[in-house]
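Here is a short report for a first look at this structure. Keep the sequence and the 3D view open while reading.

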Amino acid sequence: MTPSAARFAAIPQAGLFTADHAELRDVIRQWVRRALRPHAEEWERAGDFPYREVFREAGLVGIFGAKYEPRYGGTGPDLVADALITEELVGCGAGGVAAALGAHKDLGPYYVSRFGTEQQRQRYLIPAVAGERICALAVTEPGAGSDVAGIRTRAERIGGGGWRLSGTKTFITNGSIADFVVVAAKTEPEAGAHGISLFVVEAGTAGFSAQRLDMVGWRTSHTGELVFEGCEVPADALLGEEHQGFGHIMANFQWERIVMALAAVAAARATLDLAISYGRERKAFGRPVVKFQVWRHRLADLATEIEAARALTYHALRKIVAGEDAVREVSMAKWLATELDWKVADEALQMHGGYGYMMEYPVQRAWRDARLGPIGGGSTEIMKDIIGRSFGL
Amino acid sequence: MLHPLFTEEHEQLRRSVRQFVESELAPHAQEWEREGGFPDWVFKRMGDLGFMGVRFPEEYGGQGGDWGHSIVIAEEMARCGSGGVGMAIAVQSEMATPPIFKFGTEAQKQRYLVPAIKGEKIVCLGITEPNAGSDVAGIETTARPDGDGGWVINGRKIFITNGVRADFCVLVTRNDKEAGHHGFSLFLVDTDTPGFEVSRKLDKLGMRSSDTAELVLDDVRVPSEQLLGEQGHGFVEIMWELQGERLIGVAGSVAGAWLVFDRTMEYAKQRMAFGRPIGSFQVNRHKFATMATELEAARQLTYDTALAWERGEYPVQQISMAKLYGGLVANRVMNECLQLWGGMGYATETGIDRAWRDARLLRIGGGTDEVMREVIAKTMGL
């Protein structure tokens with residue numbers, strides 16, 4: 001073997017995935033196929049899933065721990081492993097279940113790990129990794145989404161070093177089932193982005209209530225509106241540095257967005273497979289629909305775009321794993337992959353014809369679920385603004 | 001960070017190719033565009049610098065490199081400012097010569113490959129015909145035994161890059177009409193062989209510095225040692241060649257689009273309209289964001305494909321995807337950039353028009369978009 005051939009042979013797949021990762025992928029895939037996917041239809045129809053059991057089982061399987069050290073119950077830190085778990089969760093077949101597990105994996109507990117004290121990690125991170133306590137992250141409000149600096153929820157100091165929270169949060173994944181919530185609030189309203197702090201609020205705290213929202217897709221997800229009315233929390237509820245919440249949120253946005261891109265690529269691929277297997281069976285004018293040249297070319301185009309989005313997403317992931325600034329690349333991957341997932345879903349629905357419009361076929365769910373991608377976690381328009389500004393425009 | 005395809009050593013090569021292209025080629029680009037050709041010394045000079053055979057072993061005068069090196073050269077050649085130069089060099093070093101290395105005898109390598117790597121002989125690749133392009137199986141040029149162990153070749157070839165001035169041609173022929181895909185053979189034909197004629201030099205809308213020929217082969221007699229590869233295996237051999245051609249083509253084309261993107265962004269930061277730089281309008285900011293995203297995806301897909309190939313795969317599907325996507329993106333970017341330049345883009349003095357015209361070829365040459373989709377669909381089992 002030449003030195004160059006030896007070098008290439010030693011590079012992990014796509015510069016990311018080792019043989020160990022391939023094994024882990026197989027384990028996760030088997031679990032998703034056995035424990036989640038068979039129930040997708042039933043859960044979707046019910047608009048709910050047995051989340052307590054599913055979270056606990058996911059915790060045992062190791063879904064939530066790849067980012068953390070063993071002392072927190074984790075198997076990491078290994079961001080590549082965490083990324084492939086995101087890809088595999090998509091296989092559960094219900095966007096809302098994947099979102100519930102994913103939001104728990106990548107949002108609130110990750111904040112606790114990154115910005116919390118050791119005491120907070122013991123108290124919140126460990127049970128979260130085990131899947132025993134469910135967590136939500138509450139940043140978005142009725143009047144402020146991607147414009148984080150515009151949030152209006154207030155946190156005022158009260159006697160004894162504690163805080164009083166007032167305000168409303170919305171579109172909070174796991175919000176109405178969470179045992180604890182990481183909440184962003186203004187601690188200094190005049191300071192804009194520099195006056196935001198994060199707090200951990202336990203469910204059951206007086207003055208905190210949550211209500212589930214009805215959504216066009218992700219119908220198994222308990223996405224909620226949270227209301228804080230004079231909700232008092234102790235001093236040690238402050239997560240991270242006072243007034244530094246904006247920076248903390250921005251720092252975590254990169255991971256939140258890369259996992260959305262990873263999930264979107266995986267979902268687009270699954271939806272394309274769904275369309276192809278339908279189109280192989282379904283005949284029109286005496287031949288399978290996929291054999292018409294127009295469809296063959298459309299499917300080839302979609303497969304190509306999926307491969308391009310995958311290449312871009314892995315590029316961004318490699319940068320994150322290497323610890324490099326990847327704001328531009330992550331923003332690129334996020335919008336390209338989520339817009340593509342939506343496009344693939346719409347084409348897949350088209351291939352199904354009338355059946356695609358019927359609730360008994362799963363393609364309608366892929367179509368409804370995919371529509372959130374270009375909205376959640378920072379809209380396509382926000383992504384493009386970030387990218388443009390990164391070029392000094 | 002560098003893509004895993006590349007090491008610091010590749011970046012050193014990048015710097016030296018860039019230095020060469022910017023100092024020795026770019027100053028002549030406009031003149032070569034105007035004249036519709038560039039001089040032969042470019043081949044020789046690049047041979048002397050070791051840029052003509054980076055992936056070939058050192059024993060033939062190459063550099064013993066990998067796909068990373070070839071892609072670096074294709075990308076940096078885009079800085080020349082005249083797409084035809086990079087294309088002509090790529091035809092020589094990445095399209096016509098790899099089959100000689102891969103399928104040729106030792107004597108053929110010494111006689112044709114070594115001087116081509118030195119840039120002393122210019123080579124062209126004769127695949128396409130008036131009635132058969134991507135449909136290689138439709139080739140009509142015939143090679144029949146002359147009775148003395150040699151061959152007689154008859155037919156026509158068209159759109160042959162370097163064809164006007166080539167010293168020899170790697171020619172695709174049909175030697176057995178009944179044998180279907182197993183009836184094709186490759187030949188090495190010296191262009192001074194009697195019966196080998198350049199019937200015309202074609203005029204093109206872009207890639208203007210590259211010479212493109214139509215060839216007529218009228219009872220061209222070649223001895224048996226001019227057969228390249230195995231008799232009857234020409235179809236598979238040329239399909240293999242096309243994979244490298246597509247990969248190198250897309251690498252150069254996407255790099256060319258990045259250069260225009262960069263220039264256009266600089267322009268958009270300076271050019272004022274309604275009291276502010278046009279790049280500061282949100283619509284334009286989003287246009288740049290869209291272009292950069294798609295260009296980055298195209299680039300990463302190309303690199304991933306090259307890496308897969310180096311890791312022992314034969315990634316036909318991924319190569320076709322990279323070429324299809326990269327070609328479409330490069331063309332969209334060129335067109336959007338021309339729009340951002342407005343009247344200055346339509347005027348030839350900025351060179352944006354040149355890049356726009358040159359880029360159009362990738363969606364045709366080396367297999368059209370439509371043929372790429374056919375390949376992809378087939379490999380998907382559709």
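How far apart do the C-alpha centres of domain 1 of chain A and domain 3 of chain A lie? They lie 21 Å apart. The model behind this value is predicted.

## Domains of chain A

Chain A is split into three stretches by the domain assignment. Domain 1 covers 14-129, domain 2 covers 135-243 and domain 3 covers 247-390.

## A closer look at Arg52(A)

Arg52(A) sits in helix α4 of chain A, which runs over residues 51-61. Is Arg52(A) buried or exposed? Arg52(A) counts as exposed, because it has 12 C-beta neighbours inside 10 Å. The cut-off for exposed is 12 or fewer.

Glu132(A) is 80 residues away from Arg52(A) along the chain, yet their C-alpha atoms are separated by 7.7 Å.

## Helix α13 of chain A

Helix α13 of chain A spans residues 380-390. Its buried residues are Thr380(A), Met383(A), Lys384(A), Ile386(A), Ile387(A) and Gly388(A). What covers them? The cover of the buried residues of α13(A) includes α11 (327-352) of chain A, and α9 of chain B as well. Just after α13(A) comes Gly392(A), with a positive phi of about 80°.

## Where the chains meet

The contact between the chains takes 31 residues of chain B and 36 residues of chain A.

Which helix gives the largest share of the side of chain B that touches chain A? That helix is α9(B), with 14 residues. Sorted by class, the chain B side holds 16 nonpolar, 7 polar and 8 charged residues.

## Chain B as a whole

Chain B has 13 helices and 10 strands. Its radius of gyration is 21 Å, close to the 21 Å from the globule rule for 382 residues, so chain B is as compact as a globular protein of that length. Along the principal axes, the C-alpha atoms of chain B fill a box of roughly 80 × 45 × 40 Å.

Of the 382 residues of chain B, 56% count as buried. Now take the contacts in chain B with a separation of 6 or more: 73% of them join residues 24 or more positions apart.

## Domains of chain B

The domain assignment divides chain B into domain 1 (8-118), domain 2 (123-232) and domain 3 (236-379). The C-alpha centres of domain 2 and domain 3 of chain B are 31 Å apart. Their contact takes 9 residues from domain 2 of chain B and 9 residues from domain 3 of chain B. On the domain 2 side of this contact, 6 residues are nonpolar, 3 are polar and none is charged.

Definitions and conventions:
Residues are numbered from 1 along each chain as its sequence is written. Chains are lettered from A and ligands numbered from 1 in the order in which they are written. This is a predicted model: local features need pLDDT of at least 70, side-chain atom pairs count only at pLDDT 80 or more; totals for chains, interfaces and linings use all residues. Two residues are in contact if their C-beta atoms, placed from the backbone, lie within 7 Å. Helices (H or I, at least four residues) and strands (E, at least two) are DSSP runs, numbered from the N terminus. Ala, Val, Leu, Ile, Met, Phe, Trp, Tyr, Cys and Pro count as nonpolar, Asp, Glu, Lys and Arg as charged, and the others, Gly among them, as polar. Domain bounds come from an automatic or database domain assignment. A residue is buried if 20 or more other C-beta atoms lie within 10 Å of its own, exposed if 12 or fewer, and partly exposed in between; C-beta atoms are placed from the backbone. The radius of gyration is taken over C-alpha atoms; the globule rule is 2.2 Å times the number of residues to the power 0.38.
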